[in-house]
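I set out to record what I looked up in this structure. The entries follow in the order in which I made them.

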Amino acid sequence: MEIGGLLLYLMALVTMGGIYAVMALGLNLNWGMTGLFNVGIAGFFAVGAYTSALLTTPPMLARSGADVGGLGLPIPLGWIVAPLLAAAVAWVVGRICLRLRSDYLAIATIGIAEILRLVALNEQKLTGGPFGIKSIPRPFETMDRPWGEIALMALVALLVFATYLFMERARNSPWGRVMRAIRDNETAAGAMGKDVEAFRLQAFVIGSAFMGLGGALTAHYLKVLTPEASEPLYATFLVWVMLIVGGSGNNKGAVLGAVLIWLLWTASELVTGALPTEWGVRIAYVKMFLVGLLLVVVLQVFPQGLLPERPPKLAGEAAPR
Amino acid sequence: MISVEHVSMSFGGIRAVQDCSLSVAKGSITGLIGPNGAGKSTLFNCIAGLYRPTAGRILLDGNDITGKKPHELFHLGVARTFQVAHEFSNMPVIENLMLVPAGQSGESLLSACLAWGRVREEEAKLRKRAEEVVDFLRLGAVRYERAGNLSGGQKKLLELGRVMMADPKVVLLDEVGAGVNRTLLAELASDIERLNRDRGYTFFVIEHDMDLIARLCDPVIVMAAGRVLTQGRMADIRKDDRVVEAYFGGGARSEAA
């Protein structure tokens, strides 16, 4: 491969890996910190992706098979509204489902994600149905190659960094301490005066907002959005593997896991590309199998992920001994 | 301080607590004993807000607190410990303690983001309070240890430590002696006495260890088969035939207690 091509590949890797990192950080707030078994990442991803795509895609040429165009609004507006709408959906879902015990919450979220995906598939007038939305604007796309790619990569990296800082602040604050307490022992947290339901709802809504942001970023990066993008395989499964491999409860681990797993996911094309063509339709499953295998192997060696959770640094002076 | 008035609690067809009335006087260490299945824990959980009684009401300082949730009761001055220690297992001991106090501004994510300086100041103060509790309970050696790694006895001390951080009016102790060795139990008992005397906490104690009850509690309330059987000083209760019968069945005598 040429150097130029390799660099473009690396930039694509960092950009998409960074987008996944935002979502993995959101999941870390849900699961790693608060212990909410959210298996509906794809649903919040879809809400964010379609919201931003519909707001920003130019009218008319937006969709095949549909008769309404997008609104043609500026991209930053899409990126602001998308997580807000994902948060609003999460709020409604959370009000209903968060009282459920963890395994029931998992079933409820997975079901809601499927419903949203089927809505995207069937509401042709709104979403373009199976053909999806095309010509979604990508930031910096008018710039020459490779400057547009570089600028977008830098922007995504900046967003990852900002998300990371926010999540670290959340984790190190008394707010995060309450979340970790709820994760460790809900009953005791309640007995210590913490309004468990209200706190869990906050964690769920905020984490889901970042999944919605991830959806919006993906839509603009790929320029095309079809219901396939919100298949649980790509959105939910991969993000979970990223967090578990990287280290649940550790924000650095979430970012590391996202980039690493995305690297392996794309690199696995080298394996799947060598397979005979009859394997065509099975390739996605081969990749999934490989990632699953990797998860098992990593957890054997690093049961808590590559970067295990560490307690935050305490305020105040060292203890008098 | 706490009055329980005609409280009943049923689970399906099982009437675990039937028309129980009792009161816990301010400043007392009141004991609650009875054989297994007497309904002690159920009554306790009604007071602590985990169950809503099917009948009757519960008053705290004359105010009706029936059916209030545990986190609401906490803010009214009711703290509790658990029979099986409910530590926050992945958090260090010191954080287990710092979590407890109410009114931390950093528990709002907005303040944590915008007023970090103030949050850190509060945290430093909390840290100091938590360190004092750690020292009081002789947990200094494990202050940074993950609470899940503590021994059974240390976890019970930590439970008491969280109560101290809450600075409550009344403490519900659920079998604080279960699974604790004699030496530590004696220390635990003197900690409870000190907290009662120096800080004025009222204690309401479920306990199976009769020596601990005899040492700490006055009065002692006896429950059997979902009802309050009798109450009084431990010395008198030991002599009560009805209590002996409840524990040992008909025919048993004298050697009880």
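I located L263(A) in helix α11 of chain A; helices (H or I, at least four residues) are DSSP runs, numbered from the N terminus. The model is predicted, so I note that local features need pLDDT of at least 70 and side-chain atom pairs pLDDT 80 or more, while totals for chains, interfaces and linings use all residues. Residues are numbered from 1 along each chain as its sequence is written, chains are lettered from A in the order in which they are written, and side-chain values use heavy atoms, without hydrogens and water.

I then looked up the nonpolar surface patch to which L263(A) belongs, and found an area of about 650 Å². A patch joins nonpolar side chains within 5 Å, from residues with over 30% relative accessible area (Shrake-Rupley method, 1.4 Å probe) and no salt bridge. Helix α1(A) gives the largest share, five residues, I3(A) and Y9(A) being among the members of the patch.

Next I turned to the two chains. I found 38 residues of chain B in contact (heavy atoms within 4.5 Å) with 36 residues of chain A. The chains bury about 3300 Å² between them, 62% of it on carbon and sulfur atoms; buried area is the accessible area (1.4 Å probe) lost on being put together, summed over both parts.

Which residue of chain A forms a salt bridge with E123(B)? I found R177(A), with the closest N and O atoms 2.8 Å apart. A salt bridge requires a side-chain nitrogen of Lys or Arg within 4 Å of a carboxyl oxygen of Asp or Glu, and the count between the chains is three.

Definitions and conventions
Buried area is the accessible area (1.4 Å probe) that two parts lose on being put together, summed over both. Patches are made of residues with over 30% relative accessible area and no salt bridge: like charges are joined within 9 Å, nonpolar side chains (Val, Leu, Ile, Met, Phe, Trp, Tyr) within 5 Å. Helices (H or I, at least four residues) and strands (E, at least two) are DSSP runs, numbered from the N terminus.
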